[in-house]
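Please look at the sequence and structure below before reading on.

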Amino acid sequence: MIHEFLAGNENSQLRANGINADDITEAVLEFYIEGEDDLIGLLAYALYERQKRDFVVSYRKRNAGRSPNEAELAAVSSNYFSTDLRNTLRDRASHILSSYAETYVEAMEPEIRLAAVNSDALRRVREIETSVKRRFGFWRQVRAGFTVALLLLLLLAAAAIAAVFFRSDIVDAWNALTLSTTLRT
């Protein structure tokens with residue numbers, strides 16, 4: 001790999017082998033990123049790019065606006081193939097991501113709490129709804145209606161028996177009605 005190739009005198013090897021600064025930058029990217037979804041590696045690479053940009057800006061200030069040439073940029077970039085510097089940038093990237101995550105969670109905490117409360121309230125409402133359905137289901141209502149009708153029938157039968165037993169005016173009226181209908185026929 002290029003980062004192994006540049007361990008010695010970078011400038012002379014760079015010119016002799018036709019490696020440009022873009023090749024080194026791509027090699028730095030490969031060196032810092034461990035996998036496809038390596039967010040820490042991508043952020044560490046972004047930190048490398050920011051430091052490289054800072055070098056270019058300060059170089060221009062020191063050299064009357066002249067930008068560094070490709071060999072100078074390659075020399076700066078090749079310094080980033082150090083395992084210690086790689087670990088340092090990855091640690092900084094990890095710290096930045098952790099800080100961002102903490103800030104995000106703190107900002108989202110009220111919404112997270114509200115969602116949790118709403119979820120709990122919704123769960124409780126569903127439990128109540130299920131309980132009500134169990135208590136007041138169709139067949140349960142049919143059974144209750146049948147029981148009420150039976151009790152009402154028993155009550156009317158008891159009233160009729162009491163009326164006959166005590167020779168009430170109601171029984172006389174009923175007898176009069178039934179006799180008048182039988183005489184008419």
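Arg123 and Glu127 are separated by about one helical turn, because they stand four residues apart in helix 6, helices being DSSP runs (H or I) of at least four residues, numbered from the N terminus. Their side chains meet in a salt bridge with 2.8 Å from N to O, a salt bridge being a side-chain nitrogen of Lys or Arg within 4 Å of a carboxyl oxygen of Asp or Glu. This is a predicted model, in which local features need pLDDT of at least 70 and side-chain atom pairs count only at pLDDT 80 or more, while totals for chains, interfaces and linings use all residues. Residues are numbered from 1 along each chain as its sequence is written, and side-chain values use heavy atoms, with hydrogens and water left out.

The structure holds seven salt bridges, including those tabulated here.

| Pair | N to O distance |
|---|---|
| Arg123 and Glu127 | 2.8 Å |
| Glu34 and Arg90 | 3.4 Å |
| Arg53 and Asp54 | 3.4 Å |

Glu34, Asp38, Arg86 and Arg90 are linked in a network of salt bridges.

Conventions:
Helices (H or I, at least four residues) and strands (E, at least two) are DSSP runs, numbered from the N terminus.
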